Amino acid sequence: MRSLNYPTKPQPGDRVAVVSPSAGLPALFPHVYELGLRRLREEFGLEPVEYPTTRVMGADPRDRARDLTAAFADPSITAVLATVGGDDLITVTPHLDDDVLRANPKPYFGYSDNTNVLNHLYRLGIVAYHGGSVLVHLGRPGAPHPLTFDSLRAALFGSDWYELTPAPAWGDRPNPWTEPETLEYEPEMLPGEGWRWQGPERVVRGRTWGGCLEILHWLMATDRVPTVTELDGSVLLFETSQEMPSAQEVFRIVRNMGERGLLAAFPAIVVGRPKAWNFDRPLSVPERSAWGTAQREAIIRALTPYNPDAVVVFDVDLGHTDPQLIIPYGGEILVDAVDRRIAVRY
């Protein structure tokens with residue numbers, strides 16, 4: 001298992017970069033974005049610094065890469081936060097200046113399409129952080145979610161072990177950003193049912209790798225994933241996006257990971273709660289429950305031929321659902337199937 005370095009953390013009062021290497025959605029939803037910036041200042045005491053493409057939709061990938069590289073190069077910037085995800089960051093990472101990134105490692109926070117950057121930093125030997133979108137999490141309607149903000153605060157400023165907690169209530173039905181008045185009340189939440197454990201009762205400690213499952217498939221297609229040797233002994237984490245891939249598609253992606261030899265490298269796998277509601281697919285609560293069951297069954301079916309003895313934990317709040325726990329990417333994780341607990345080192 002390869003060794004990665006944790007970058008130095010920011011302190012309250014520091015300047016942090018706010019970038020849009022994926023989609024410039026702050027241009028379309030400034031009311032959500034400004035709320036996220038205000039909370040970044042007031043809740044965390046950090047001063048956000050924008051870059052030329054932060055509020056630009058459809059910016060050239062080379063310009064977005066230039067902004068991201070500049071954020072790492074600036075000695076006054078102590079962390080980098082992505083505003084949101086998207087669907088074309090895979091075209092941006094080839095334009096990054098890797099020498100600059102290696103020479104100036106900084107904590108990077110993002111998820112979804114930002115899996116491209118997280119994986120890129122992993123391959124450069126830099127620990128990053130899966131989660132913490134400025135629009136989605138800092139700009140959450142009504143009030144910040146306490147589990148998200150406690151986790152984000154610990155990841156931003158701390159370097160100790162942090163115990164993850166199953167959410168007592170969760171949601172995957174966001175308020176529409178197109179209606180500014182919906183920022184006044186919190187989104188719908190459902191009762192939590194805890195994590196679901198599969199496999200042997202043992203303790204696994206390793207470094208994480210993974211991200212949004214659909215993006216991982218793109219990275220495999222472009223041959224940008226680490227080798228099996230580099231990942232051996234690591235803990236795989238993955239989750240699915242608001243595009244809601246079917247159980248059959250999830251099965252095929254996970255099976256392809258097995259055919260590549262990746263699945264056998266992971267003694268433990270942590271799976272995020274699947275998002276099962278979107279504006280163009282407004283499933284009922286029973287339908288969402290059935291969706292989650294089908295996803296879990298598909299993953300186990302795909303995993304069994306390649307790594308039947310892996311410890312698997314389902315429905316961890318680490319992806320496109322609310323709340324979102326921050327997971328160090330390339331950092332250490334403890335998956336304890338004996339006491340049914342998960343801890344990460346920020």
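Which residue forms a salt bridge with Asp63, and how far apart are the closest N and O atoms? Select Asp63 and Arg66: the two form a salt bridge with their closest N and O atoms 2.4 Å apart. A salt bridge here is a side-chain nitrogen of Lys or Arg within 4 Å of a carboxyl oxygen of Asp or Glu.

Before going on, note that this is a predicted model, in which local features need pLDDT of at least 70 and side-chain atom pairs count only at pLDDT 80 or more, while totals for chains, interfaces and linings use all residues. Residues are numbered from 1 along each chain as its sequence is written, and side-chain values use heavy atoms, with hydrogens and water left out.

**Stop 1: salt bridges within helices**

Stay with Asp63 and Arg66. Both belong to helix α2 (residues 61-73), where they sit 3 residues apart, about one turn of the helix. Helices (H or I, at least four residues) and strands (E, at least two) are DSSP runs, numbered from the N terminus. Asp63 is partly exposed at 30% relative accessibility, and Arg66 is exposed at 52%. Buried means under 20% relative accessible area, exposed over 50%, and partly exposed in between (1.4 Å probe, protein chains only).

Next, select Arg38 and Glu42. They form a salt bridge whose closest N and O atoms are 3.4 Å apart. The two residues are 4 residues apart in helix α1 (residues 30-42), a separation of about one helical turn. Arg38 is partly exposed at 40% relative accessibility, whereas Glu42 is exposed at 57%.

**Stop 2: a salt bridge between strands, and a network**

Move to Arg341 and Glu163, whose side chains meet in a salt bridge (2.8 Å, N to O). Arg341 lies in strand β16 (residues 341-345) and Glu163 in strand β6 (residues 161-163), so the pair ties together parts that are 178 residues apart in sequence. Arg341 is partly exposed, with a relative accessible area of 26%, and Glu163 is partly exposed at 36%.

Then select Asp172, Arg173, Glu188 and Arg288, which are linked in a network of salt bridges. The count of salt bridges by this rule comes to 23.

**Stop 3: helix α7**

Select residues 213-221, helix α7, and color the buried residues: Leu213, Glu214, Ile215, Leu216, Leu219 and Met220. Which elements do these buried residues pack against? They pack against α4 (115-123), β10 (203-212), β11 (235-239) and α9 (247-259), where contact means heavy atoms within 4.5 Å. After the helix comes Asp223, which has a positive phi near 60 degrees.

The axes of α7 and α9 come within 10 Å and cross at roughly 45 degrees. Axes are lines fitted to C-alpha atoms, for helices over the stretch in contact, and angles run from 0 to 180 degrees between N-to-C directions. The two helices are therefore oblique to each other; angles under 35 degrees count as roughly parallel, over 145 as roughly antiparallel, 65 to 115 as roughly perpendicular and the rest as oblique. The crossing of α7 and α9 is left-handed, a term used if the near helix is turned anticlockwise from the far one by less than a right angle, with right-handed used if clockwise.

On the α7 side, show Leu213, His217 and Met220; in α9 they meet Glu249, Val250, Ile253, Val254, Asn256 and Met257. By class, this contact has 6 nonpolar, 2 polar and 1 charged residues. Ala, Val, Leu, Ile, Met, Phe, Trp, Tyr, Cys and Pro count as nonpolar, Asp, Glu, Lys and Arg as charged, and the others, Gly among them, as polar.

**Stop 4**

**Stop 5: backbone details**

Most residues other than glycine have a negative phi, and most peptide bonds are trans. Select Asp315 in strand β13: its phi is positive, near 65 degrees, and Asp315 is buried at 5% relative accessibility. Arg340, in the loop between β15 (332-336) and β16, also has a positive phi, of about 55 degrees. Arg340 is partly exposed, with a relative accessible area of 47%.

Finish at Pro323, in the loop between β13 (311-316) and β14 (327-329). The peptide bond from Asp322 to Pro323 is cis, with omega near 5 degrees.
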